[in-house]
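Open the model in your viewer and keep the selection tool at hand. This tour goes stop by stop.

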Amino acid sequence: MTDALAIAVVGHTNAGKTSLLRTLTRKQSFGEVSDRPGTTRHVEAIELRVHGAPALRFFDTPGLEDSVALWDYLQTAVTGPDRPDRVRAFLQGPEARSSFEQEAKVLRKMLEVDAAFYVIDSREPVLPKHRAEIEILNSCARPVMPVLNFVRDAASRAPEWQAVLAAAGLHAQVRFDAVAPFVGAEQHLYQDLATLLPAQRARLQGVAQFLADEVVQRRRASSRAIADLLVRLTALRRPIEEEVHADPARRRQAEQDFQQLALGFVRAAADGLLQIHGFRGDDAALAQLPWQDGRWDSDLFHPETLREAGKRLGMGAAVGASIGLVADAAVGGLSLGAGAALGGAIGSIVSQGWRQVGGKLLNQVLGVRELTLDNALLFLVALQLLGLARALEQRGHAALTGFVQGLESDPALDAPLKRAVQAVQSARSHADWERAGATSARRARLVEQVAELLEPLAAAPAA
Ligand SMILES: Nc1nc2c(ncn2[C@@H]2O[C@H](COP(=O)(O)OP(=O)(O)OP(=O)(O)O)[C@@H](O)[C@H]2O)c(=O)[nH]1
Ligand SMILES: [Mg+2]
């Protein structure tokens, strides 16, 4: 493979050029994005690396502002045998350093690159300035691929744009949304670009394949991270002393501390998912994440949510209503569902086999009490994190707003998640498996087994 393919990203100001590049390169920090016009002032390069080597080199450019006047100028004030010559003549003239300084930066780049992405805000009506833009770009005699941006917006006029572009000879076009890209949209982008650059077909197919493989790898890594979390939470147990248990206030405190411990694990896993998808948890747009500002605490440990989860898990309404202290006879501890914070009645789910056991009976039989997490909570956590993984898969790196990640309510998830919760039960008798990624071959096998159950669920449903 020779040097990286050079692609200029051009278009009207505010069309989303810088945003597109953030999303295509998964670099949240690239350039400056804002809804003020004229944000990008200089040409800036960024590479897309494939297997460590730069495959594409993109050039972000300032927005074209006064294209009508420039097109007029190119037609009347400069001469040359063909259009690119007139563009070159313009670039050597005084106007390129004065009134059309921004435009000159774009056209200078246009003459150097292998191809250009022409980014269009598809919500805009087709105006004379756009027609002038198309003419100017065509004058550079480089393959131009229109990228219709903002296509998820209700106001998008994509069909109108498609007709106008085709009439101008720009047949290969892609629909994109830099903030909420479709899964697979970037692969289409490169496949379509290959139709404009036949000599680069193999390279562009390699890029598309690499990106497709990355999607699969991210799903696999996410599933593993969630599986590891489930193992941690299932293994998690803390003894609770008799006098603490007997004192309602102290007991509540112990239960709350235990919940916080568990939530710490959940938050760490959520941050891990962000990392897998190339997002930074400290990004301003993501500062209000539901697991950081306490929304997950109230969601995950809400008695109503747990009751609902109990039903979806097939534990029966009776159990759900009394989720509280949950007995785990096999290992001689008492598990604690989150609802126990309410001091609820003693529920009774034996995690192995889902058998119900009377709490009083257990108290007599067993000397040790331990707090553990019940299956309804495991189910909810898995649901929550799968929802997060799906949302991250569909989030562009140009998104400026945080998102609210609610509990997934997709009923298709119930049966497979129930299998995952059942599969993870063997962790209950391995207290040391609460450590993330702890080194034990059996633990690793269990994580792998649960991850395989989760992986098909981690894919975002087609938009
Ligand atoms: N909803 C939505 N918003 C977008 C999309 N692309 C860009 N934006 C927003 O549109 C605004 C302009 O985006 P930029 O990426 O700065 O646009 P630009 O073309 O680089 O603009 P200049 O640098 O000024 O020429 C920002 O507020 C972006 O968040 C998109 O596909 N969907
Ligand atoms: Mg910009």
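Ala, Val, Leu, Ile, Met, Phe, Trp, Tyr, Cys and Pro count as nonpolar, Asp, Glu, Lys and Arg as charged, and the others, Gly among them, as polar. This is a predicted model: local features need pLDDT of at least 70, side-chain atom pairs count only at pLDDT 80 or more, and totals for chains, interfaces and linings use all residues. Residues are numbered from 1 along each chain as its sequence is written, while chains are lettered from A and ligands numbered from 1 in the order in which they are written.

**Stop one: ligand 1.** Select ligand 1 and the 24 residues around it. A residue counts as near if its C-beta atom, placed from the backbone, lies within 6 Å of the molecule. Gly16, Thr18, Ser19, Thr40 and Gly63 come nearest. The shell holds nine nonpolar, 11 polar and four charged residues. Helix α1 (residues 17-25) gives the most, three residues. Helices are DSSP runs (H or I, at least four residues), numbered from the N terminus.

**Stop two: α10 and α15.** Select residues 248-276 for α10 and 375-393 for α15. Their axes come within 10 Å and cross at roughly 20°. Axes are lines fitted to C-alpha atoms over the stretch in contact, with angles from 0 to 180 degrees between N-to-C directions. So α10 is roughly parallel to α15 (angles under 35 degrees; over 145 is roughly antiparallel).

Note on methods: Helices (H or I, at least four residues) and strands (E, at least two) are DSSP runs, numbered from the N terminus. Angles under 35 degrees count as roughly parallel, over 145 as roughly antiparallel, 65 to 115 as roughly perpendicular and the rest as oblique.
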